[in-house]
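User: Hi, I'm new to reading protein structures. Could you walk me through this one, step by step?

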Amino acid sequence: MFRLKGRVISPGIKKVLETVEETLTGHASSPKLVFDFKEVTRIDGAGLGTLLKIYTEIRPHGGKIAVINMNKHIRNVIVRTGLIAILKCFKSENDAVAALLRHS
């Protein structure tokens, strides 16, 4: 679970990417990642690009990404950019984890 806070924008998004990469180092194949957007107030192209980069790196290994607790603005941005097709959205952590495990 990655709990994001504040503005998910450049240049701060680099820290998120580094944290995810460190977490995945030496991790078993088929990573399932959940990003909690409860405390995110804004996301920009760099933030969206970072999520896409993470997805493209884990997808060949059977990895998936779920996002939870998005506010209306963040959800609209993700829908408008088409990332909704790869970022599975859920209302709770339990729902996200259950769905990711079910589709392993």
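Predicted model: local features only at pLDDT ≥ 70, side-chain atom pairs only at ≥ 80, totals over all residues.

User: Let's start with charges. How many salt bridges does the structure hold?

Analyst: Here's the idea: side chains of opposite charge can pair when their charged atoms come close. Arg 3 pairs with Asp 36, Arg 3 also pairs with Glu 93, and Lys 53 pairs with Glu 57. The number of salt bridges in the structure is three.

User: How far apart in sequence are the parts that Arg 3 and Asp 36 tie together?

Analyst: In this salt bridge, the closest N and O atoms are 3.1 Å apart. Along the chain it's another story: Arg 3 sits in strand 1 and Asp 36 in strand 2, so the pair links parts whose separation in sequence is 33 residues.

User: Which backbone nitrogen lies 2.8 Å from a polar side-chain atom of Asp 36?

Analyst: Leave aside neighbours within four places in sequence, and Asp 36 is in contact with Met 1, Phe 2, Arg 3, Leu 4, Ile 68 and Asn 69. The backbone nitrogen 2.8 Å from a polar atom of the Asp 36 side chain belongs to Lys 38.

User: Which residues do salt bridges with shared partners join into one network?

Analyst: Take the Lys 53 and Glu 57 pair: both lie in helix 2, four residues apart, or about one turn of the helix. Lys 53 is partly exposed at 36%, and Glu 57 is partly exposed at 33%. Salt bridges that share partners make one network, and its members are Arg 3, Asp 36 and Glu 93.

User: How far apart in sequence are the parts tied together by Arg 3 and Glu 93?

Analyst: Glu 93 counts as partly exposed, with 34% relative accessibility. The closest N and O atoms of its salt bridge with Arg 3 are 3.9 Å apart. Arg 3 belongs to strand 1 and Glu 93 to helix 4, so the parts they tie together have a sequence separation of 90 residues.

User: Now the inside. Which residues have the most contacts inside the largest nonpolar core?

Analyst: This core has 26 residues. The residues with the most contacts inside the core are Leu 33, Phe 35, Phe 37, Ile 43, Ile 65 and Leu 87.

User: How many residues are in the second, separate core?

Analyst: Among the members of this second core are Val 34, Ala 66, Ile 68 and Leu 100. Phe 35, from the largest core, touches Ala 66 and Ile 68, among others. The second core's residue count is five.

User: Why are the buried residues of helix 4 on the same side?

Analyst: The buried residues are Ala 96, Ala 99 and Leu 100. They end up on the same side of helix 4 because the arc they cover around the axis is only 95 degrees.

User: What do those buried residues of helix 4 pack against?

Analyst: The face turned away from the buried side carries the exposed residues Asn 94, Leu 101 and Arg 102. The buried residues of helix 4, on the other hand, pack against strand 2, strand 3 and strand 4.

Terms used. Residues numbered from 1 in each chain as written. Heavy atoms only, no water. Buried < 20%, exposed > 50% of the residue type's maximum accessible area, 1.4 Å probe, protein only. Helix = DSSP H or I, 4+ residues; strand = E, 2+ residues; numbered from the N terminus. Arc of directions from axis to C-beta. Contact = heavy atoms within 4.5 Å. Core = buried A, V, L, I, M, F, W, Y, C linked by side-chain atoms within 4.5 Å. Polar contact = N/O pair within 3.5 Å; in protein donor to acceptor, adjacent residues only side chain to side chain. Salt bridge = Lys/Arg side-chain N within 4 Å of Asp/Glu carboxyl O.
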